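Let's take a friendly walk through this structure, one neighbourhood at a time. Keep the model open beside you as you read.

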Amino acid sequence: MSGAAHKLDERDTVVAYELNGNCYLNVTAKCTLRCAFCPKFNGTWEVKGYDLTLFREPSVEEMIAAVGEVERYGEVVFCGLGEPTLRLEAILEVGRALKARGATIRLNTDGLANLVHGRDVTPELASAVDNVSISLNAQDEALYEEHTRPTRPGSYPALLDFAARARDAGMKVSLTALDGLPGVDIEACRAIAEELGVTFRRRVYNEVG
């Protein structure tokens, strides 16, 4: 990609984009949350100069091709401005194919895959994903619901359970929260991660990517 975005064609959407030595895959625009702080709800689909508007979802073959030479990157990351696990079978196929070529795979997720799919999908994910970054977003359920506006009840406890199951499935798990998001107590979020036995990463409100 040489630092530029890989597009399906000149009129179409960005499939892969490069940030900080990693290759990010723009999997879907669909999401289980409606976060008030998400760029797409605030008039832009742009992340670090990349327009991530999706006119159609890229195929498995297109995502693999967009990555190119995996050894160029520290990680290949399932990301974008939607929830990658809504396309579970696609990311499993892509992840397994790229891991077979030596890639390290990270999943950026809201942690609601088990809730959405009605089963524990973490063993399947472990075959395709090395590292999982889960958006905790808040230290309690009430604040989480205020900021993320989930479409399914029980989302907050579901993401905590997903984090524990992903850890037990052998993936490296990190919880994240946005410093500066009103009401969010970063140290309380860090304590939740420590209690779960996973790592924590502080992100900064209004800094995307």
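This is a predicted model: local features need pLDDT of at least 70, side-chain atom pairs count only at pLDDT 80 or more; totals for chains, interfaces and linings use all residues.

Residues are numbered from 1 along each chain as its sequence is written, and side-chain values use heavy atoms, with hydrogens and water left out.

Is Asn-26 buried or exposed? Its relative accessibility is 0%, so Asn-26 counts as buried (buried means under 20% relative accessible area, exposed over 50%, and partly exposed in between, with a 1.4 Å probe and protein chains only). A polar atom of the Asn-26 side chain lies 3.0 Å from the backbone oxygen of Val-14, and the side chain of Asn-26 also reaches the backbone oxygen of Leu-52 at 3.2 Å. Leaving out residues up to four places away in sequence, Asn-26 touches a set of residues including Tyr-17, Leu-54, Pro-58 and Gly-80, where contact means heavy atoms within 4.5 Å.

Next, look at Glu-75, in the loop between helix 1 (60–67) and strand 6 (76–79). Glu-75 counts as buried because its relative accessibility is 14%. Its side chain makes a polar contact with the side chain of Arg-106 at 2.8 Å (a pair of N or O atoms within 3.5 Å; within protein, one must be able to donate a hydrogen and the other to accept it, and residues adjacent in sequence count only if both atoms are side-chain atoms). Setting aside neighbours within four places in sequence, the contacts of Glu-75 include Gly-21, Cys-23 and Asn-131.

Now for the helices. Helix 1 passes helix 2 in a right-handed crossing, meaning that the near helix is turned clockwise from the far one by less than a right angle. Helix 1 contributes Val-60, Met-63, Ile-64 and Val-67 to the contact, and helix 2 contributes Ala-90, Glu-93, Val-94, Ala-97 and Leu-98.

Finally, the cysteines: the count comes to zero disulfides, a disulfide being a pair of cysteine sulfur atoms within 2.5 Å. For Cys-31, the nearest cysteine sulfur is that of Cys-35, 6.2 Å away. Cys-31 is partly exposed, because its relative accessible area is 33%, whereas Cys-79 counts as buried at 14% relative accessibility.

Note on methods. Helices (H or I, at least four residues) and strands (E, at least two) are DSSP runs, numbered from the N terminus.
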